[in-house]
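Welcome! Have a look at the model below, and then we will walk through some of its parts together.

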Amino acid sequence: MPFSRLATATTPTAHIGLGLAAVGRPGYINLGREGDLPAERTVGALRERTHELLDAAYAQGVRYVDVARSYGRSEEFLADWLNARPDIDDVVVGSKWGYTYTAGWSTDAEQHEVKDHSLATYERQRAETDALLGDRLDLYQIHSVTPDSPALTDKELHARLAEAAAEGLTVGFSTSGPAQADAIRAALEVTVDGEPLFRTVQSTYNALETSAGPALAEAHDAGLTVIVKEGMANGRLAAPHAPDVLKAVAEETFLGCDAVALALILRQPWAGVVLSGAASLTQLASNLHAAVVDLGEDQLTRLATLVEDPQTYWERRGQLPWH
């Protein structure tokens with residue numbers, strides 16, 4: 001399993017990954033994004049920014065990179081970077097299928113992505129991913145599984161995914177929505193020929209949304225690698241949008257709100273990789289400080305007061321505009 005490469009890593013940042021959702025396309029739902037990226041969000045400008053981030057992240061010990069078919073040109077940008085650096089062979093690459101990018105490089109498209117977990121979509125997008133990443137792809141995840149997703153019950157799809165796993169590809173899934181815990185537990189029950197199908201799970205978990213925690217602990221105990229996304233709650237936990245409690249704890253640590261927010265996740269014993277969604281070198285540097293944040297019991301108690309009801313959290317997330 002590719003994540004075993006991270007198990008013996010000694011750098012503090014080895015368990016922080018870089019997600020390219022915010023830089024692979026011109027529009028996304030992160031708060032403050034209008035000031036994070038170049039004014040002209042051309043393909044060339046975002047390719048250059050992505051490569052700058054990848055260079056900086058790799059130099060500082062990051063070894064997992066997360067992309068998706070629906071993240072605009074994220075797979076293409078990553079492939080370009082890898083192809084230009086053939087000596088780099090220790091990066092773990094994960095992508096996702098199940099959403100199709102439909103915005104046409106526009107920030108004001110009526111619809112930015114379309115979800116479809118069918119076998120036909122898997123086959124089409126697997127071919128598209130293979131054309132770009134080839135044998136550099138380590139992990140392929142079903143994108144945003146919910147309890148009602150047909151991907152949980154489609155036996156033909158399961159058989160095809162098991163074939164890919166038998167050929168060496170790690171198969172995983174990501175989750176979203178207020179019922180993440182239910183989706184995780186349902187996915188843990190999926191087997192092919194008596195063997196568990198999924199080896200990784202990627203879920204939203206942060207200071208505001210902790211509902212998936214117990215299920216992620218169960219997944220970890222079952223042998224899955226847990227990847228945490230949206231640790232910054234799409235910018236809600238970054239200055240200047242951060243709650244006062246988080247700002248106060250950040251001041252006490254002499255680091256940023258983002259570093260504290262990510263450190264809170266890194267300390268979970270089940271967290272294998274925590275993603276940074278940095279869109280600038282400044283954000284990345286600040287995010288990576290999470291590896292050295294030491295939080296005391298009083299600080300943890302105060303941060304625990306930030307937890308929201310999952311339904312409330314996801315309703316607010318759904319209202320965030322595409323910038």
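Let's start with E230, which sits in the loop between β11 and α8; helices (H or I, at least four residues) and strands (E, at least two) are DSSP runs, numbered from the N terminus. E230 has a positive phi of about 55°, although it is not a glycine. With a relative accessible area of 14%, E230 is buried; buried means under 20% relative accessible area, exposed means over 50%, and partly exposed is in between (1.4 Å probe, protein chains only).

N234 lies in the loop between β11 and α8 too. Its phi is positive, at about 55°, and N234 is not a glycine either. N234 counts as buried, at 4% relative accessibility. P240 is also found in this loop between β11 (225-229) and α8, and the peptide bond from A239 to P240 is cis, with omega near 5°.

## How to read the model

This is a predicted model, in which local features need pLDDT of at least 70 and side-chain atom pairs count only at pLDDT 80 or more, while totals for chains, interfaces and linings use all residues. Residues are numbered from 1 along each chain as its sequence is written, and side-chain values use heavy atoms, with hydrogens and water left out.

How many of the ten residues of helix α3 are buried? Seven are, which leaves α3 (residues 74-83) mostly covered. The buried residues are S74, E75, F77, L78, A79, W81 and L82. Their cover includes α2 (43-59), β2 (64-66), β3 (92-97) and α4.

## Two pairs of helices

Helices α6 (residues 180-188) and α7 (residues 213-221) pack with their axes 8 Å apart, at an angle of about 20°. Here axes are lines fitted to C-alpha atoms, for helices over the stretch in contact, and angles run from 0 to 180 degrees between N-to-C directions. The two helices are therefore roughly parallel to each other (angles under 35 degrees count as roughly parallel, over 145 as roughly antiparallel, 65 to 115 as roughly perpendicular and the rest as oblique). The contact (heavy atoms within 4.5 Å) joins A181, I184, R185 and L188 of α6 to P214, A215, L216, E218 and A219 of α7.

Helix α4 (residues 119-133) and α5 form another pair: their axes come within 9 Å and cross at roughly 25°. So α4 and α5 are roughly parallel to each other as well. L119, Y122, E123 and R126 of α4 meet E156, L157, R160, L161 and A164 of α5.

A162 is in helix α5 (residues 155-166). Leaving aside neighbours within four places in sequence, A162 is in contact with V192 and L197.

L255 is placed in the loop between α8 (244-253) and α9. Is L255 buried or partly exposed? L255 is partly exposed, with a relative accessible area of 24%. Not counting residues up to four places away in sequence, L255 touches A250, H289 and V293.
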